[in-house]
Amino acid sequence: MKPNLSMMLLPLAMLAATEVQAFDKATIAKGEYLSRAGDCVACHSVAGGEPYAGGLAIDSPFGKIYSTNITPSKTAGIGNYTLQQFDDALRHGVRADGGNLYPAMPYPDYAMLTDEDVKALYAYFMEGVPAVDKSGPETDLGFPFNQRWGISFWNWMFANDDRFQPDTQQSALFNRGAYLVLGPGHCGSCHTPRGVAFQEKSYEDSADNFLSGGKVGMWEVPGIRGGAQGALADWSQEELIDYLANGRNDKTAVAGEMTAVIQHSLSHLTRDDLAAIAHYLKSLPGQGAALPMSAAATQKTTALLDSAKMDKDSGARIYLDNCGACHFTAGQGAARVFPKLDGNALINAQDPSGLIHVILAGARMPSTKGAPEDLAMPAFGWRLSDEEVATLTTFLRQAWNNRAAAVSAQDVAKVRQTIPEEVLNATRP
Ligand code: HEC
Ligand code: HEC
Ligand code: HEC
């Protein structure tokens, strides 16, 4: 029998089939975008290391938990994971070997992701990310937290395992925003208060405490409910979009943990998606937690700072000598350059550690496409003593419309201990 054309083509077709990529370019690109929205790189990389190679130590109340290598390496990463195994890790907190993941991985939030988006993420992590054959340190917590099976009870009591349900009474814009915030954005993992077992107190916007403010390490995280009486009630839709895209707006500038969220995640999202997030946040009313603001209170501190008669060691004097050149006496800042200090969330936080950290270590805005200048606040750790910073922060927490408790030199010393010497001295002339 003479070989016919179809017989000759058959092996070729088989060859092509094994070479053809399992996922098309569009799916991989969608997965890449979702990985930005989910900020996977923030936890699964170390500064200066390869993206997604893991090894970052995340502090938890139970000890240090190391993120793992999620590149498609077959020896050190997740290269052998099936879609099902990837899904089990991402939405259910279960590793390929059946062990539970620690909830330092925000799977109770990612549980909201749609099947389609999990598939796209899988495509990206299998075929869009370069493999890195290097394992990071193993997580080794003390007893009883090294007993991963115990997390099953935690999951049973606290974890969310529901998919996102669009609200049919609401617009497509609202539902897109809700999905991004609840699911990939896992905003609640920092902005919702945590309970006794470190669980997010709510995973749903029907609860009043959802996005009402939380804590990450020493940083108090402000509430971001933008409806009437919410912490961001006086932010316009445009101001919210500007902040999410560029880490600054006419009212404030980002510092602390949120800087990386904007740099690596939110600044890469489309304007439509940021508008959806802003629209959604503006729909969440608060409970009167926002600070009451009055022009008279602003005027009173401004007049004090503008009058020359101030004793040398007072908080007002320390402010004028070190801060006034940039932040001015009226505390109103300058749009998109210097954040407003009057009514500022960081200054009014119950725990002053974040404020103390910014003064000792300085802060830098992220450089984004829309706002490339990475304006910085200098570090004052080398210049001001614990006593002086305590006096200054106590003044700031009572200045203009700010109303928060006094700060002691011990509070300052505790924060100073956590900051490396070279950071404290970064702006020493
Ligand atoms: C807030 C930090 C954080 C973020 C954000 C995060 N992860 Fe994780 N992830 C972790 C930690 C920590 C672990 C390891 C937990 C453990 O060992 O129990 C982990 C584990 C995993 C695992 C299991 C890997 C293994 O070795 O079995 C996968 C898969 C994973 N993450 C994927 C993702 C993806 C995809 C994203 C983005 C959509 C993401 N992670 C975002 C912290 C994070
Ligand atoms: C890793 C923790 C973390 C995550 C995740 C996170 N945030 Fe934040 N966010 C913070 C912290 C800390 C601040 C305070 C920043 C400051 O003091 O300058 C903040 C501030 C903000 C502010 C400004 C509030 C104000 O009063 O100045 C907005 C708006 C915001 N976040 C929105 C979001 C949205 C939307 C998401 C999810 C897409 C998100 N954040 C996810 C930690 C986080
Ligand atoms: C050279 C100008 C400059 C000086 C001097 C300066 N700052 Fe700043 N400050 C900035 C800039 C720029 C930012 C925004 C940085 C960022 O958000 O990353 C900032 C941010 C802040 C923030 C954070 C506000 C927020 O919403 O996150 C506080 C609080 C603050 N400064 C207080 C002070 C105090 C107190 C002093 C004096 C000890 C001072 N600054 C001196 C420029 C300055």
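The iron atom of ligand 1 is coordinated by H44 (NE2) and M105 (SD) at 2.0 to 2.2 Å; donors are N, O and S atoms within 2.8 Å of the metal (3.2 Å for Na, K and Ca). The 6 donor atoms around the iron subtend angles of 87 to 180°, so the arrangement is octahedral. Six donors count as octahedral if opposite donors are over 155 degrees apart and all others between 65 and 115. H44 lies in the loop between α3 (40–43) and β1 (57–60), and M105 in the loop between α4 (83–92) and α5 (107–110), 61 residues apart. Helices (H or I, at least four residues) and strands (E, at least two) are DSSP runs, numbered from the N terminus. Both H44 and M105 are buried (under 20% relative accessible area, 1.4 Å probe, protein chains only).

This is a predicted model, in which local features need pLDDT of at least 70 and side-chain atom pairs count only at pLDDT 80 or more. Residues are numbered from 1 along each chain, and side-chain values use heavy atoms, without hydrogens or water.

Ligand 1 is surrounded by 24 residues, each with a heavy atom within 4 Å. C40, C43, H44, Y81 and M105 are the closest. α3, β2 (63–66) and α4 each supply at least two residues of this shell. α4 gives the most, with 3 residues.

Polar contacts are pairs of N or O atoms within 3.5 Å. A polar side-chain atom of Y81 lies 2.3 Å from an oxygen atom of ligand 1. For a polar backbone atom of Y102, the distance to a ligand 1 oxygen is 2.7 Å. An N or O atom in the side chain of T68 is 3.3 Å from an oxygen atom of ligand 1.

Notes. Chains are lettered from A and ligands numbered from 1 in the order in which they are written. Four donors count as tetrahedral if all angles lie between 85 and 135 degrees; four count as square planar and six as octahedral if opposite donors are over 155 degrees apart and all others between 65 and 115; anything else is irregular. Buried means under 20% relative accessible area, exposed over 50%, partly exposed in between (1.4 Å probe, protein chains only). A polar contact is a pair of N or O atoms within 3.5 Å; within protein, one must be able to donate a hydrogen and the other to accept it, and residues adjacent in sequence count only if both atoms are side-chain atoms.
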